[in-house]
Amino acid sequence: MTEPRFYDRDTETMSRDELDAMQLQKLLAMLEHVAKTNPFYINLWKEAGIDVSKIKTFEDFRMLPMMEKSHIVADQNAHPPFGTRSGSINNNLGRTDLYTTSGTSGQGKELHACSLRELKAMEEIYRYGMAWAGMAPGDIVLLTLPITMLAGGRVEYQGAIAADLTVLPVGNYDAASKVDYIRRFNPKALFGSTSYFGTLATKMGDEVRQSSVTTLLTGLEGASLPFLKSIEEMWGAKAYDRFGCASMRADFMWSDENGIGEPGRPGSLLNIDPFVLLEVVDPDTGLPVADGEFGELVITSLYHFDNPVIRNRVRDGAVFQKGGRKGSIRNFHGVEMASISRIDDVKKVKGINIFPQAVDDLVFSWPEIEQYEVILTRTAAFVDVATLRLQLREGVSGLTPDHIVARGKEAVKSRLGIYFDIEIVPRIEVSDYKARRWRDLR
């Protein structure tokens, strides 16, 4: 076990009871402010018949309705362009950073805002994560994410700068240019999306394990543990994962100094409890799940006073790890590494429910696989066809393509209960952001 790397030792070594008391105090102060200043939440709570002034405990807090993407989009459509939730810009409170989302859910593009005081608090979250990953002031980090109107890229840049790192913001360049910057400036770490690190490794070829990179700040997608381990193997470096969402405008769960863990012994993503209240609930009942159980993530920011995030269900689920476990260095709540997946991300193929995470776990357990994608189509007779397209890593396996295809078909049938067509292709394009591995063309 790696020696603890503390950013704020006093806070990180608090007991669970002390952390609960601190979170409750911050929560009540935030709710009191929002109940007086934010029309979006004032109306949401009024419609639910909730008197926020009567909330005194976490149990009382769970009476508040949850909100999600559809509420935000509807509010923006009714009150364009900012909606009634974006208090800092509606009330002209000074500098406000605005972020849009990609709109890939089909529900519309959300708009999120951060005031200056919220941004300063967000920077503290990144200082925790960077310290746990062993990043010291002055270390060089290459940011692979483009800087656009999306939160992804901009918040990572600001967080790395806040941690006093030397940042190479090369995300808007092509892969060949990024490789040139790695060769020229010898960064200690890569900071970006997990899948894209595989793309860069392939681009670098045999020299990748001789590069200066020792730290991989992965994230932006629900990668399986086999995939994370394969990325570590490609680079000969240690991965530290993270999780965030656009509505928070931050990554708020991070690997500790032990990294991602090992097969059969996954690590943890620790919630930064001083700044974020994490609930993991049964998606059907809304009640908290027990330690070690899978549930839906519900997020409340304890520092967004101007542009609040309160009981936001993000439609991601994970295995809850309750803070205060025996032998824990920190008593922060968290989730099991690589257990995050979409609550609603289920593909029905030939009448069978297929969870993409199950395919991810299976395919990346094959060492010769660099990337994959699944294409769902339908024949003229309305029969579902699932095609698994594989990009192979160079020089990893002595198996023939025919053998890989035959073995893959049997493995998929055994694991998922149906056959997939399998093709070997020379290249699969992977975004700088989240990998979009499923295309449903039916």
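The following is a short exchange about a predicted model.

Biologist: What kind of model is this, and at which pLDDT do side-chain atom pairs count?
Modeller: Residues are numbered from 1 along each chain as its sequence is written, and side-chain values use heavy atoms, without hydrogens and water. The model is predicted; totals for chains, interfaces and linings use all residues, local features need pLDDT of at least 70, and side-chain atom pairs count only at pLDDT 80 or more.

Biologist: In which order do the four strands of the open sheet lie?
Modeller: Strands here are DSSP runs (E, at least two residues), as helices are (H or I, at least four), numbered from the N terminus. Two strands pair if DSSP finds at least two bridges between them. The edge strands, β22 (421–424) and β23 (438–440), each pair on one side only. The pairing is mixed, and the order is β22-β21-β20-β23.

Biologist: Which residue of β21 is the bridge partner of Y372?
Modeller: Strands β20 (residues 369–378) and β21 (residues 384–392) pair in the antiparallel sense over nine bridges. The partner of Y372 in β21 is L390.

Biologist: Are α9 and α10 roughly parallel or roughly perpendicular?
Modeller: Axes are lines fitted to C-alpha atoms, for helices over the stretch in contact (heavy atoms within 4.5 Å). Angles run from 0 to 180 degrees between N-to-C directions; under 35 counts as roughly parallel, over 145 as roughly antiparallel, 65 to 115 as roughly perpendicular and the rest as oblique. Helix α9 (residues 175–185) and helix α10 (residues 194–204) pack at about 75°, with axes 10 Å apart. The pair is therefore roughly perpendicular.

Biologist: How many residues apart in sequence are the parts tied together by F275 and Y303?
Modeller: This pair is edge-to-face, with 6.1 Å centre to centre and 80° between the planes. F275 lies in the loop between β12 (268–271) and β13 (276–281), and Y303 in the loop between β14 (294–301) and β15 (312–321), so the parts tied together are 28 residues apart.

Biologist: Is Y303 buried or exposed?
Modeller: Buried means under 20% relative accessible area, exposed over 50%, partly exposed in between (1.4 Å probe, protein chains only). Y303 has 8%, so Y303 is buried.

Notes. Phe/Tyr/Trp six-rings, centres within 6.5 Å; stacked < 30°, edge-to-face > 60°.
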